[in-house]
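Please read them with the model open beside you.

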Amino acid sequence: MVSAGQPGDPALVLVAHGTRSARGVEMIAALADAVAAELGVSAPNTALRTAFVDVLGPSPSEVLRDLDGPAVVVPAFLASGYHVYQDVPREVAESGHCAVAVTEAMGPDPALTRIMAVRLRAAGWKPGDAVVFAAAGSSDSRARQDVRRAAGMLAEQLAAPVKIAYVATGTPRVPEVVAALRESGAQRVFIASYLLAHGLFHQRLHDAGADGVAEPIGVHPGVVRLIVDRYRSAARELVGVR
């Protein structure tokens, strides 16, 4: 089994969006540690590296230039927008690394849906309460389609209607949807956070007027397994090609 810890196995480069939130940075570090533990390697380790496409460093190209052997890049994004379709391929190209495989983004995926449902119930949601599916937003139509798919999966998981809203890019915005649900007669409104980590975007959700806000998806065994599965599938193909 490919593990990222054996000689010759591709390194795993976990690519995340940078954040100025200390809690967000700690969460990404904790996620990398959990993935390393699942793969049987110690972190930090050249077998598993973390890179960022915005705000923080190192960038994916810097990390890849520092690696001698093959590498699998796993974008830790919940939808495939500009960062996944533009930034990551550009960074790989700029690195000059000749043996890199890039996996799909993390979401949408049933594993994330199940985690969101758990987080929502932990925040106090009960059947009959209104749900706002809060995503960061994107100008990329493919990312918005991913969000619609993810929201549909959550609605099916909860057996309840789900209203999509955006935190930063796109409309409608979260406070508008919360207010509209109130006006339509909803007694209680809860926000399901389609965000990976704590940060400015998640903090805004607490100011949107809902009765409760679910925690971000964060570090969860389901997320760890999803990343590891993405890595192993791509690593087998990369090793096979070589």
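1. Start with the charged pair Asp 129 and Arg 188. They form a salt bridge, with the closest N and O atoms 2.8 Å apart. A salt bridge here is a side-chain nitrogen of Lys or Arg within 4 Å of a carboxyl oxygen of Asp or Glu. The pair links distant parts of the chain, 59 residues apart. Asp 129 sits in the loop between H4 and E5, and Arg 188 in the loop between helix H6 (174-183) and strand E7 (189-194). Helices (H or I, at least four residues) and strands (E, at least two) are DSSP runs, numbered from the N terminus.

2. A word on the basis. This is a predicted model, in which local features need pLDDT of at least 70 and side-chain atom pairs count only at pLDDT 80 or more, while totals for chains, interfaces and linings use all residues. Residues are numbered from 1 along each chain as its sequence is written, and side-chain values use heavy atoms, with hydrogens and water left out.

3. Is Asp 129 buried or exposed? Asp 129 counts as buried because its relative accessibility is 12%. Buried means under 20% relative accessible area, exposed over 50%, and partly exposed in between (1.4 Å probe, protein chains only). Leaving aside neighbours within four places in sequence, Asp 129 is in contact with Gly 124, Arg 188 and Phe 190. Contact means heavy atoms within 4.5 Å.

4. A search of the whole structure finds nine salt bridges. One of them joins Arg 49 and Asp 66, with the closest N and O atoms 3.1 Å apart. This pair also links distant parts of the chain: Arg 49 is in strand E2, Asp 66 is in the loop between H2 and strand E3 (71-75), and 17 residues separate them. Asp 66 is partly exposed, with a relative accessible area of 49%.

5. Asp 87, Arg 90, Glu 91 and Glu 94 are linked in it. Within this group, Glu 94 and Arg 90 have their closest N and O atoms 3.6 Å apart. Both lie in H3, four residues apart, about one turn of the helix. Glu 94 is partly exposed at 46%, and Arg 90 is partly exposed at 36%.

6. Asp 87 counts as buried because its relative accessibility is 6%. A polar contact of 2.6 Å joins its side chain to that of His 83. (A polar contact is a pair of N or O atoms within 3.5 Å; within protein, one must be able to donate a hydrogen and the other to accept it, and residues adjacent in sequence count only if both atoms are side-chain atoms.) Not counting residues up to four places away in sequence, Asp 87 touches Val 53 and Tyr 82.

7. Ala 214 is found in the loop between strand E8 (212-213) and helix H8 (221-241). Ala 214 is buried, with a relative accessible area of 1%. Residues up to four places away aside, Ala 214 touches Arg 119, Leu 120, Ala 123, Ile 191, Ala 192, Ser 193 and His 202. Its C-alpha atom is separated by 8.5 Å from that of Gly 124, 90 residues apart along the chain.

8. Helix H1 (residues 22-39) passes a length check. Its 18 residues should span 26 Å at 1.5 Å a residue, and the end C-alpha atoms are 26 Å apart, which agrees. The expected span is 1.5 Å times one less than the number of residues. Buried residues of H1 include Met 27, Leu 31 and Val 35. Gly 40 follows H1, and its phi is positive, near 80 degrees.

9. Finally, check the backbone geometry. The peptide bonds from Gly 107 to Pro 108 and from Thr 171 to Pro 172 are cis, with omega near 0 degrees. Pro 108 lies in the loop between strand E4 (100-102) and H4. Pro 172 lies in the loop between strand E6 (163-166) and H6. Ala 159 has a positive phi of about 55 degrees although it is not a glycine. Ala 159 is in the loop between helix H5 (141-158) and E6, and is exposed at 72%.
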